[in-house]
Amino acid sequence: MTKTRVDAPWPTLLGLLRGHRLPLCMALLLAALAAVLELVPYVWLCRSVTLLAEGAAAFAFYRLAGWIALALAGKYLLYTLAYYLSHDAAYRILMQTRQLLARRLAWAPLEWLQRHGSGALKKLLMQDVERLEQFIAHHLVEMAAALAAPLLVAAVLLAIDWRLALAALATLPLAIAFQAIAMRGMERRMAEYQEAVGDLNDASVEYLRSMPVMKAFRQDARSFARMRDALARYHALIRGVTRRVVPGWSVFMVLLNANIVFLLPLGLWLLQRQRIDLAQLLLALVLGGGMLKPLFKLMRFQAQIREILDGVARMQPLLAMREPAAVPRVAIGEASLRFDGVCFGYAGAPVLRELSLTVPAGRMTALVGPSGAGKSTLAALLGGLIVPERGSIAVGGVPLAQIGEAQRAGLIAVATQEAFLFRGSLLDNLRLGCPDADESRVRAALRIAQAEAFVDALPEGWHAPVGERGARLSGGERQRIAIARALLADTPILVLDEATAFADSRTERRFYRALREGCPDKTLLVIAHRLYTVRDAAQILVLESGRLVDAGDHAALLQRCRPYREQWRAQEQDDGWAIRAAANPSMEETADA
Ligand code: ADP
């Protein structure tokens, strides 16, 4: 996903916590109190020295033990409450954030969704949102505790003698300076590291997915270059980061623990001068010596918080999405299509070049051409999945850009080779574009799509569940259901992009015949690889390298258009039987028998 930093991610992150500030502040307060209680045993340890010197009775020691036990119990209780509150808030925030993102996704234009891809959006909704839990439930609480203890100790030392407080903090600026030097340039390295992790993830998924195929072809892991390269890059980066960070990190750790070097001589000097007593000296050494340790945690969180913020930055473009203004419906005359100088390319590589063509209303137009010519790209433009870089597409004379998504969906239905079905029943899938289609309409659509027989043969008929992405159906069956769904949407324009590619030639021919008879007024734009299926089209458009090279009917093109003639002849040779059968229906009947 592109990293469009709309704003700094911190305010966005804090914005997500809005509405949960009270429980979160309570959690922070409880954690800070718990961290303070952690110091009680040390305070009593020092106090015991005074008691010993005073020759206190045994009861005083029992009482001391009692206080320590109470402090431990209190600490346990406070941390439990703090973590309960922070986790409760975290999971509520996670749910709300996912709901919010899902709503924004529904507002996102089709073209935006297509550009970002389902993998990246899934990562956003699942992984990036999940990471917020770490920050809200753990980091916030632990940061409050890690800051509260040193602050309190500094205040205690200040109360004993300001010089002790100064000595206890003396190594902190040095430690921070070393850490800052060690972390110089890490921003860039961390970005590279994140990229390498992303690559490795993608490569691993691809590797695992392709494992059965690789096994079938007796390929071993060494042959999977992408995975190997991603692993090598990841390890090289880790080695580089480790070499860079470890020395600075070690110095940082040592310095945070090194304030005893200043505290001890200063404390002894103050004791000698009777500015403090022995118990105070012990208190300063015991509390002051370890006071900076909790700051390790803050440093450790640094990298994790950066990852969380990167995730928030990825959410920002979606969070910033506004509900699209209702586009007024425009009056569309006839259901014709017109492309005028349309240019489009993927990542700068041009696919459609100055493409101009017309698809007349109420007729069948076929789009043919070699693989890679840009036929599916043209269908994707009509489906609104991509938008032209230049030029315009018009429906009935009205530019597509002026037609709202909802109206366009009611005008143009696109059925593609990758027939996507949702988990649910066949009927749910069929009625997607027309929820109140009655049974007779569903049956008519199934009949045209040549799906009636196989649906009727299912034990549950059209109430049969189809599984995720239509897992329980064959490729051809899925395609036929997708065609029936597109027919039920009852749009005046239907685009079929290799939508019958999995069908055998006989089923394909029956389908086109039924389609012409069942929907005589529909404007059909059919992208077909097998030319014999579209030879009767009113118009055939021949596309090559994103340009229209000719347009006409089959007979005219066969005569004057060399690319068309060559493709036809090649298929005639390959599928000689099928084409002859198409030309001679009596052969089909013989074959049927
Ligand atoms: P056709 O349908 O005629 O076979 P396409 O429209 O699918 O052709 O593809 C045209 C060109 O665009 C091809 O070179 C293909 O590799 C490229 N292409 C198609 N889809 C994408 C995509 N999502 N990203 C990058 N390139 C693509």
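**Strands, pairs and packing**

Modeller: Gly345 has Pro350 in S2 as its bridge partner. This is a predicted model, in which local features need pLDDT of at least 70, side-chain atom pairs count only at pLDDT 80 or more, and totals for chains, interfaces and linings use all residues. Residues are numbered from 1 along each chain as its sequence is written, and side-chain values use heavy atoms, with hydrogens and water left out.

Colleague: Why are strand S1 and strand S2 called a pair?

Modeller: Two strands pair if DSSP finds at least two bridges between them. S1 (residues 337–346) and S2 (residues 349–359) have 7 bridges in the antiparallel sense, so they pair. Their hairpin has 2 residues between the strands, and Ala347 there takes a positive phi near 50 degrees.

Colleague: What makes S6 and S10 edge strands?

Modeller: The open sheet has 6 strands in the order S6-S7-S8-S3-S9-S10, with mixed pairing. Strand S6 (412–416) and strand S10 (547–552) each pair on one side only. Strands here are DSSP runs of E, at least two residues, and helices are runs of H or I, at least four, numbered from the N terminus.

Colleague: In which sense do S7 and S8 pair?

Modeller: Strand S7 (residues 493–497) and strand S8 (residues 523–527) pair in the parallel sense over 5 bridges. Asp497 stands opposite Ile527 in S8.

Colleague: Which strands does helix H14 touch?

Modeller: Helix H14 (residues 375–382) packs on the sheet and touches S3, S6, S7, S8 and S9; contact means heavy atoms within 4.5 Å.

Conventions:
Axes fitted to C-alpha atoms, helices over the stretch in contact; angles between N-to-C directions.
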